[in-house]
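Hi everyone, thanks for making time for this. Please have a look at the sequence and the model on the screen, and then I'll walk you through them.

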Amino acid sequence: MRKQFLKFKYKKGKLFSRKGMGMELALLVLLAVFACSTLLVSSAMFGKDTLMREEKQVITRLALDELAEKALAGKLPADTGDYTVEQTAASIIIKDKDSNKLLEVRKSGGVISQWIYY
């Protein structure tokens with residue numbers, strides 16, 4: 001005969017009564033709501049970071065575009081801010097303070113052939 005490790009005493013069906021189920025269900029719902037709200041907040045924070053990065057990139061590109069258009073028109077101002085502009089016969093290269101290429105506009109026959117962002 002096998003030895004039983006767990007012996008339940010069934011006294012008036014108390015083992016299967018649903019009296020204590022309300023508290024467990026409330027805790028389970030609380031855990032689910034907490035998990036969903038944590039997921040929502042973390043995804044919103046990642047989205048905000050991406051949005052801020054893209055906004056900064058768009059503002060930088062607008063400044064570079066304006067500078068390149070002025071250089072193409074021949075009305076390049078003396079003070080170009082944080083950028084340096086190098087003009088050759090075939091291209092215009094805009095660099096930042098650290099001499100990193102940011103934008104290159106290539107011309108062929110007086111017509112813009114490529115507008116390259118780095």
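Let's begin with E104, which counts as buried because its relative accessibility is 6%. By buried I mean under 20% relative accessible area, while exposed means over 50% and partly exposed lies in between, all with a 1.4 Å probe and protein chains only.

Before I go on, a word on what you are looking at: this is a predicted model, in which local features need pLDDT of at least 70 and side-chain atom pairs count only at pLDDT 80 or more, whereas totals for chains, interfaces and linings use all residues. Residues are numbered from 1 along each chain as its sequence is written, and side-chain values use heavy atoms, with hydrogens and water left out.

Back to E104, then. You will find E104 in strand β3. Strands here are DSSP runs of E with at least two residues, helices are runs of H or I with at least four, and both are numbered from the N terminus.

Which residue forms a salt bridge with E104, with closest N and O atoms 3.0 Å apart? That residue is R106. A salt bridge means a side-chain nitrogen of Lys or Arg within 4 Å of a carboxyl oxygen of Asp or Glu. R106 has a relative accessible area of 34%, so R106 is partly exposed. K101 comes in here as well: K101, E104 and R106 are linked in a network of salt bridges.

E104 has another contact to show you. Its side chain is joined to that of Y118 by a polar contact of 2.6 Å. For a polar contact, we look for a pair of N or O atoms within 3.5 Å; within protein, one must be able to donate a hydrogen and the other to accept it, and residues adjacent in sequence count only if both atoms are side-chain atoms.

Now let's step back to the sheet. The sheet is open and built from four strands, in the order β1-β2-β3-β4, with antiparallel pairing. Two strands count as paired if DSSP finds at least two bridges between them. At the edges are β1, residues 84-87, and β4, residues 111-117, each pairing on one side only. On average, neighbouring strands of this sheet are turned by 15° against each other, with direction ignored. For that angle, axes are lines fitted to C-alpha atoms, for helices over the stretch in contact, and angles run from 0 to 180 degrees between N-to-C directions.

We can walk across the sheet strand by strand. β1 is joined by four bridges to β2, residues 91-95, and the two run antiparallel. Here Q87 sits opposite I92 in β2. Next, β2 and β3 are paired antiparallel over five bridges, and I94 faces L103 in β3.

What does S99 do in the hairpin of β2 and β3? With five residues between the strands, S99 takes a positive phi near 60° there. That is a positive value in a residue other than glycine. S99 has a relative accessible area of 52%, so S99 is exposed.

Moving on, β3 and β4 run antiparallel and are joined by six bridges. V105 has W115 in β4 as its bridge partner. The hairpin of these two strands has two residues between them, and G109 takes a positive phi near 65°.

Last stop: helix α1, which covers residues 21-73. R53 and D49 are four residues apart in helix α1, so about one helical turn separates them. D49 is partly exposed, at 44% relative accessible area. Further along, E66 forms a salt bridge with K70, where the closest N and O atoms are 3.4 Å apart. E66 and K70 are again four residues apart in helix α1, about one turn. E66 is partly exposed at 45%, and K70 is partly exposed at 34%.

Finally, the surface: L25, L28, V29, L31 and V33 form a nonpolar patch with about 490 Å² of accessible area together. Patches take residues with over 30% relative accessible area and no salt bridge, joining like charges within 9 Å and nonpolar side chains (Val, Leu, Ile, Met, Phe, Trp, Tyr) within 5 Å. The areas come from the Shrake-Rupley method with a 1.4 Å probe, and for residues only the protein chains shown count as cover. V29 is partly exposed, with 47% relative accessibility.
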